[in-house]
Amino acid sequence: MCLAIPGRIVELLDENDHFAVVEVAGVRRKINVDLLKQEGVRPGDWVLIHVGFAMSKVSEEQAQAQLRLLAMLDEEAQAVEEVQGYRFD
Amino acid sequence: MCLAIPGRIVELLDENDHFAVVEVAGVRRKINVDLLKQEGVRPGDWVLIHVGFAMSKVSEEQAQAQLRLLAMLDEEAQAVEEVQGYRFD
Amino acid sequence: MAEATVRFRDTCIELAHGAGGKASRRLIEGLFLPLLRNPTLAGLADAAVLELEGLRLALTADSFVVKPIVFPGGSLGELAINGTVNDLAMVGARPLALLATFILEAGLDAGVLETQVKAMAQAAERAGVPVVGGDTKVVEHGKADSLYVTTAGLGLVDPRVDLSPKAVRPGDQVLLSGPIGDHGVTVLLARGELDLEASLRSDTRPVWFLVEALIEKVASGLRWMRDPTRGGVATALNELARDAGVGVVLFEEALPVREEVRGACEILGLDPLHIACEGQFLAVVAKEQGEAALEALRRTPGGEEACLVGEIRAEPVGTVQVLSRYGGSRVVDMLVGDPLPRIC
Amino acid sequence: MAEATVRFRDTCIELAHGAGGKASRRLIEGLFLPLLRNPTLAGLADAAVLELEGLRLALTADSFVVKPIVFPGGSLGELAINGTVNDLAMVGARPLALLATFILEAGLDAGVLETQVKAMAQAAERAGVPVVGGDTKVVEHGKADSLYVTTAGLGLVDPRVDLSPKAVRPGDQVLLSGPIGDHGVTVLLARGELDLEASLRSDTRPVWFLVEALIEKVASGLRWMRDPTRGGVATALNELARDAGVGVVLFEEALPVREEVRGACEILGLDPLHIACEGQFLAVVAKEQGEAALEALRRTPGGEEACLVGEIRAEPVGTVQVLSRYGGSRVVDMLVGDPLPRIC
Amino acid sequence: MRYVDEFRDPVLIQKTAEEIRRLIDPNRHYRIMEVCGGHTFSIYRFGLQDLLPSNVELVHGPGCPVCVLPMGRVDDGLSLSENPRVILTAFGDMMRVPGRRGSPLELKARGADIRMVYSPLDALKLARENPDREVVFFAIGFETTAPSTALTLLRARALGVKNFSVFCNHVLIVPAIRAILDSPDMRLDAFIGPGHVSTVIGCRPYEFIARDYGKPVVISGFEPLDLLQSILMILRQLREGRAEVENQYKRAVPWEGNLPALRAMAEVFELRPYFEWRGLGFISQSALRLREEFAPWDAEVRFAVPGVRVTDPKAAQCGEVLKGVLKPPQCKLFGRECTPEYPIGALMVSSEGACAAYYHHVYLRQAAEGGTNG
Amino acid sequence: MRYVDEFRDPVLIQKTAEEIRRLIDPNRHYRIMEVCGGHTFSIYRFGLQDLLPSNVELVHGPGCPVCVLPMGRVDDGLSLSENPRVILTAFGDMMRVPGRRGSPLELKARGADIRMVYSPLDALKLARENPDREVVFFAIGFETTAPSTALTLLRARALGVKNFSVFCNHVLIVPAIRAILDSPDMRLDAFIGPGHVSTVIGCRPYEFIARDYGKPVVISGFEPLDLLQSILMILRQLREGRAEVENQYKRAVPWEGNLPALRAMAEVFELRPYFEWRGLGFISQSALRLREEFAPWDAEVRFAVPGVRVTDPKAAQCGEVLKGVLKPPQCKLFGRECTPEYPIGALMVSSEGACAAYYHHVYLRQAAEGGTNG
Ligand code: SF4
Ligand code: SF4
Ligand SMILES: [Mg+2]
Ligand SMILES: [Mg+2]
Ligand SMILES: [Mg+2]
Ligand SMILES: [Mg+2]
Ligand SMILES: [Mg+2]
Ligand SMILES: [Mg+2]
Ligand SMILES: [Mg+2]
Ligand SMILES: [Mg+2]
Ligand SMILES: [Mg+2]
Ligand SMILES: [Mg+2]
C-alpha cells in the first residue's frame, strides 16, 4: 500500500507555502507541502511524495549512514558491532 | 411550400379515429386524421398528407373528370365548350 | 515538400462533408488532394491503381459508420465487406484480400460485435475474398456510436480493361445494374425517426460477379464504372461529366426505381437520383457493345434488372440532364449536403 | 461455412480490449480469428503476407484514436502513417503505398483537420511512401472524439528474409532499436489529467530505414521483428514466447529507458516494459550475427541507441523473465487491461 | 387511380401544351406568378418551362416558408438551442437555412441539440419521451401547416405535456399576395393559386384579387398536368378578358376549405398586428402567434428570445426576387457569392426557393452550354 | 543521492544477502510477515525471494487498501455513480476492483461517469471546474493516505466548495495487525513494519507487538537493500532472542511520525466503532469516518448509500490469504476461476495484492517450468 516516491523540491509556489513543485527523475508535479509545515521545505530538499502530498523529508545523512553500514557488512567484527549499534535507541 | 402527397387510408387506428395508417406507394405511416372528422375517413379513401396530418380527401370523380376533359382537348369544338363549362361556378 | 495550396475554406466540419456530395468533393479536392498529392493518388475514384512488376494492383479503403448497424437486408459489417469489394470491382479489379479495423465504443455488447463480425465473415465468403488482417481500438463510452469499421482491399486489375473517365466518348451508353435507392431509403426508414414503414431491403451485395461477366463479354468497350453509393447516381454521373468533359443524359422512364423507394422519396421530397445504392453500379460502354453488355449483365444471376438508362453527349459539358417522356428536361446536380427531407 | 467456435466470453467491450494486452488477445483469438479464419489471416502479426505471382505482398491496417491528437513530438496523423509503415517493416516489407480513411466528428475545426493531414503528408514523405487513396466519413457531434484515422499499407517483402516466431531458436539474441516508453509516457502526460510535466517527446518515426540496414547486413540471421506499440515490450515478447514456444530473458540493466520515463513510471507505479513505443522495434537475430546486426543498426542514423537486451532460451516456455544484476529475477506478463496508475 | 402518374401522362401533357400554344397571342408577353414554392419546384422538376411558349413567363412568388423568414427570426429560434435543456426541433427544410452564426445543421455540428422532425406531433412525442428536457418546435409554414401546429398544441394541452413549446413563425399567404399587388413594381398578369394552402382556406380569400385588382387566379395542383391546365385556364381568362377565381385542383380543394382546420387555428392562434417578411418588410396581420391561453406552450413567452433584427447583406436581392420583381440571376450575388453550397439567402437553400430552383435547373445548364467556365 | 538506484546496488545487495545466509539457523523455519502491500510488490518486483534462503518465508499481510475492502463497500461506492449528477473519482488502484455488478472500469464502459485521479486534490479541482455536478471522491487507503483526504476536506471547507464529498473508506493498519496476532491460526515470527504508514504514525504504535506478543518489528523502506537489511535486522533479533521495534527506514520515518498529519486526521475524522475488513471480519475501531462537522462533505450523509453486505464467493479464500494463513495458490480458485484477467477477489487485482503478485511472479514461472499446460 501507499506508493511513495522520493522527489526533490525545485520550487515553492505560493506565499503560504501550501504548494511546491517536485521533480522525480526529470518529471515535475505540483504537490501540497502542508504536512511539512513544521520542518519547512526548501528547494533542494528531498521529500517522499504520496497522492500529491509531501509526507516526510528524506534525510541524506541517514541514507549515507545506512549505505556505509551495509558496505562494511563483510568487515565482520566491525560490522556486527555497528549493526547492533544501529538498533533503535 | 407545403409538400402534400396523396395516400390511401389502409387502417383506422383508434376508437376516436384520431389516427390512421396511410400508404403511399407501398410506404406506410401513421397520420392524424382529425382534420377530416366532419367528412369521416374509411379504409380505401385517398387523402392528401402534409406533415403527418390528412389535409383533405382526394376525389376520384373530380380527378377522372379532369383527365377526361384534358383527353378531349383536341376534339376541338367540344373541348372549347367543355373547358368553358369547367370554369368555377 | 513544396507548400501545398489548401483551398478548403469551410471553418467547421459538418455531416455534409461526409455525405458524398458537393461538400465531400470540396473537402477532398480542397484539402486532401493538395496536401497528399502524388501520381497514384486516387482522388475521387473508387480505388487507386498501382503498377508493380507488370501487375496492376488496386487499393481502396472505406470507413463505415452507418446507423442503425442492422437494417433490413444488411448490416454495417456486411456493408463494410461489400463496399470495399465493389470499389475494387469498379476499377476492374478482382478482389484478392481485405483488411478490417474496428473502432469499438466501450460498453458495446459483445454479442453485437459478434453479430457484425459474423456478417463480415459471411459477406467475405460470398464475395470469395479472405480478410487477412486488421486491428481493434476501443474508445471511451460516448466517444463512438457502437462501432465503426474500416475495410481496405487489395485487388488485381484485369489485364483486359482500362477504365477511366477519359475513355468515355459521346455516344457511349450508360448502363445501370438494377434499381436505385434501395439502400439509402431502407436505412433512412430503419432509423425510425420518420416513422415510415415499407417492405424494403438494402441492396448491399458484392458486384464483382457482374463486373466479371461484363469484362468477359465487352472488355474492350468498357469505359468507366462507378458504384453510386453516398450521393447516388446523380453525384456519380456529375463527377463523370466533369472529369470526362462530357454531358450525361438520363432517360427518366428508363430509370429503375422500386415503388416503395419512389413513395418514400415523394413523401420526403427527396430525389431517388441522390439516394445511395450499395449493390448497384453504373457502367459506360461503347455504343456498339451496349447491347452485348446489357445481355451479359442480364444473363448473370443478380443482373436480371440491368438496363440502359442514358447516354453520353458532347454537350452540355459537365452536366447531367434527365429527359422525360413528354419532352421536359431538368438538370440534376450533385447532392448538396446530406439528403434532408423537404416537408413543409 | 462451418460454424466457427467463438470462445470470447466477455459480455461487454471495455477499453482493455483495445489496449493491446491480454484482453485484446482474448478478443482477437476468441472472436475475430475463429470467425474470419483463412490461411493468410495475420492474427496477431503486424502484417499479413500474401503470395501473388511470385511476389510476397504485405498488407496491414490500424486505426488511430489517440488523445490528445497533438502531443510533444508527434500527432495522431503522424502516428497513423508511421504505425502502418512500421507494421509493414516488421514483416520485412518495404512500404509501397498507404490508404487513409477519416472518421470526423461534426463540428471539428477545419484547421485541426488540416494540421493532421499536413502531419500525415510530411510523415508519408519522410517515410517515402505515397498515400494513394482514402475515404472520409462524418459522424454526428459527440459520436467521435475530434477525429479517428485508419491507415492501411501495402508493402513488398524483401526476398531475402523469412520472418516468423517459428524461426526463433534458443541462443538467439534480442535486440532493441532504442529507448522504450517515450511515446506512451508522453501521451499519458500530455492528457494533462495527472498534472505531470516532463520534457519527453513521442518517439514516433518510421523504422523502415533501420530495418533495411538490418536486412542488408544480416538477412539470413534475422528471425523475427515486432514494434512494441500498445502493450509494450513485455506484451510483444510474451507473444513471441508463446507463439515460438521459447522463453525470453531480458537483462534489466541493458534495457534502455530514459530517465523521465523511469521517473513517470515510478510515480505512477507503472512498468516501462508495458508502455507503448511508436518508433522502436525488437529484433531477434541468430547469435552469430548479433554483433553484426547491432553494428548495422548503430551505424544507421536513428539507430545509435540500439542495444542487445536479452536472449532466447529453451525454457521456461512461454515466459519473459527479467534478470537483475544482483541475481534476482521476475516474470513479466503481458499487459492486463489498460495501464492504470497504482497510487495508494 | 394513384393520383400521381396519371397526372404525368405524356400524351395529355403534349395535348395540353399544344392547346396552350394554340391559345396564346404571340405578340403578348404573359407574366404569371406561381405564388407557391411547391409550384416553383414542380415547374423545374418537370421541366415545364420547356413545354411553354417563350412569351409565357412564370414568375416565382413568396410561397416558400423558409425563404420569407427574416434572418433575425432564424437567429431568435436558434438562440433557444443555446439552453442545454432545450431540444430544438424543426422540419428538414429549416436545417440548412443560414442564421448569422450558422445554420441549424452547423450549430448541430458544433454540439447544439437540434433535431429534424417530420411532423409537429413527432416533436410532441419527443417531449413526452424526454421529460427532463425542454422540447421546442420551430414552427414555420403557411396556412397548410398552421393547423397541424394548432392540433399538436391542443393535444399537448389535453395530455398535460409541460415540456413542449412552439416558436411560432406561421405566416399567411393572402396578406403577402396583397402586398405584392400593392407594390409599385407589380407587373403581373395572373396568379397560379396555392393548391395546398387552399385545402385549408378554400377559394374565397382570393376573390379580392380578381375583383379589386382584375387579375385571374387559378388554384392549382402540383403535377405537370395540373400546372399546365391551370396555365391554360388562366390564358383563357386573359383571352376572354375575365378575371375570376377558378379551382383547377377540384379533386383536393373544397371551395369552403377545411372548417375543422380553420377552427383549430382560431382556437390556438391569433393574428400578430404585423410581422416582418424577408424582402417584403413588415406586413400587417400577416402572421400568427399563440393566444394567451397557450402561453405555457409558447416558446417566446417561456424563454428569453433576443428578438434580433438582422438586415440581409446589402447586395442580396432576396426581397426583389420574392416579390417577382427580379429574376434570380439578376441578383448580383447569384451563382457567385451565393450558391446552394454556400447560400447567402434562404431562397438559395430550399429546393422550393426561387434561386435554388433556378440555379439547379436553369443556370447550371446555361453555364454548361456557355462553356466550362460557367 | 537520488534515493533509488543507490538502494539497488548489486554489490551491497549480495553482501546483505550473504550476511542473511550467514546468520540463519538452517534448521529453523522463519515466517516473517510484510504487513504492507508495497513490500509485497517490491519483494516480487525485485525477485528478492531468489536471494533468500529457502527457510526464510515471507508472508503477505493485509496492507493492500483495495484488497481489504469488502465487496459491499465497493458496491456502495459504485452505486453513487448511478446518480447522473455524480462524477465518481477514485485512484487508479480501484478501477479494476470487482463489485457485484462489475468494476469501476466496467461501469464506466457502460456509461457511468467515473474518473481516475492521482490525488484527492484533483477530485476537489474537478468539483470546482464542474459546479453543476457532484464530485465524490472514493477514499481508500491506510494512515499514509488519510491525511491527504483530511487536508483536501479542510481545503474544500475553507474554499466553500459545496459539490464535493468523500466516500470514506480509510482504515487503520494497527488494529488489523492486532487482529492477526489474535487469530488462533497465527504462526508468525516477526513483522516487517509498513514504512510509509510510519511516516505518519511513527514507530510507537507498534510497541505492543514486541511487548505484548514478543514479536520483533522492523519498519522498512521499499528498495531491495531496505528490505534485505530489515530481514537481517529481524534475524538478528530472533537470533539474539530480542523482540523490539526497530526503524530501518530512518531516512524517511521519524520516530514520532508526522504531527501536522495526525492533527489534520484528528480534526476531520473520528473512529468508526467497527468496520468490516474483507477476510478479517469486523474489527473494532479500525476505520475512520468524517466527523459531524464535515457532514456536508460526507457522501454517506449526502447521498443514499445502500449499505449492502456481500459475502465473498464461498470458495474464495481471500480472508485466509490476507491473514497469512494460506498462501495464494492454496486458494482453490487461484489460477483457475481467479486470475488477473478475471479476478474474483481484490487480492488478484491490485499489483500489491498477494494473489496477483504471486500469480505474476511465481505461478507463471512455475507453470511454464512445469510444462506448457500450466
Ligand atoms: S442569389 Fe442569394 S442573395 Fe441573391 S436573391 Fe437569391 S438567395 Fe438572395
Ligand atoms: S485466488 Fe482469488 S479468490 Fe482466491 S484468495 Fe486470491 S483473490 Fe481471493
Ligand atoms: Mg465507390
Ligand atoms: Mg473506397
Ligand atoms: Mg443482405
Ligand atoms: Mg466505397
Ligand atoms: Mg494493430
Ligand atoms: Mg505492430
Ligand atoms: Mg497493423
Ligand atoms: Mg515527430
Ligand atoms: Mg500497428
Ligand atoms: Mg469512400
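Visitor: Is Gly73(C) buried, exposed or partly exposed?
Guide: Gly73(C) is partly exposed in this predicted model. Its relative accessible area is 22%.

Visitor: And Glu78(C), buried or exposed?
Guide: Glu78(C) is buried, at 19% relative accessible area.

Visitor: Let's step back. How many helices and strands does chain C have?
Guide: Chain C has eight helices and 15 strands.

Visitor: Which strands make up the open sheet, and in what order?
Guide: There are seven in chain C, in the order β10-β12-β8-β13-β11-β14-β15. The pairing is mixed.

Visitor: Which ones sit at the edges?
Guide: β10 (222-226) and β15 (329-331) of chain C. Each of these pairs on one side only.

Visitor: How much are neighbouring strands turned against each other?
Guide: By 25 degrees on average, ignoring direction.

Visitor: What packs on the sheet?
Guide: Helix α5 of chain C, residues 208-218, packs there. This helix touches β10 and β12 of chain C. The direction of α5 makes about 170 degrees with that of β10(C).

Visitor: Back to the strands. Do β8 and β12 of chain C run parallel or antiparallel?
Guide: Antiparallel. Four bridges join β8 (residues 173-176) to β12 (residues 282-285) in chain C.

Visitor: Which residue is the bridge partner of Gln173(C) in β12(C)?
Guide: Val285(C).

Visitor: New topic. Where are the domains of chain C?
Guide: Domain 1 covers 10-44, domain 2 covers 46-157 and domain 3 covers 165-332.

Visitor: How far apart are the C-alpha centres of domain 1 and domain 2 of chain C?
Guide: They lie 21 Å apart.

Visitor: What about the whole chain? What does chain C span along its principal axes?
Guide: The C-alpha trace spans about 60 × 55 × 50 Å.

Visitor: What radius of gyration would a compact globule of 344 residues have?
Guide: Near 20 Å. Chain C has 20 Å, so the two agree.

Visitor: What share of the residues in chain C is buried?
Guide: Buried residues make up 71% of the 344.

Visitor: And what share of contacts joins residues at least 24 apart?
Guide: That share is 82% in chain C, among contacts between residues at least 6 apart in sequence.

Note on methods
Residues are numbered from 1 along each chain as its sequence is written. Chains are lettered from A and ligands numbered from 1 in the order in which they are written. This is a predicted model: local features need pLDDT of at least 70, side-chain atom pairs count only at pLDDT 80 or more; totals for chains, interfaces and linings use all residues. Side-chain values use heavy atoms; hydrogens and water are left out. Two strands pair if DSSP finds at least two bridges between them. Helices (H or I, at least four residues) and strands (E, at least two) are DSSP runs, numbered from the N terminus. Axes are lines fitted to C-alpha atoms, for helices over the stretch in contact, and angles run from 0 to 180 degrees between N-to-C directions. Contact means heavy atoms within 4.5 Å. Domain bounds come from an automatic or database domain assignment. Buried means under 20% relative accessible area, exposed over 50%, partly exposed in between (1.4 Å probe, protein chains only). The radius of gyration is taken over C-alpha atoms; the globule rule is 2.2 Å times the number of residues to the power 0.38.
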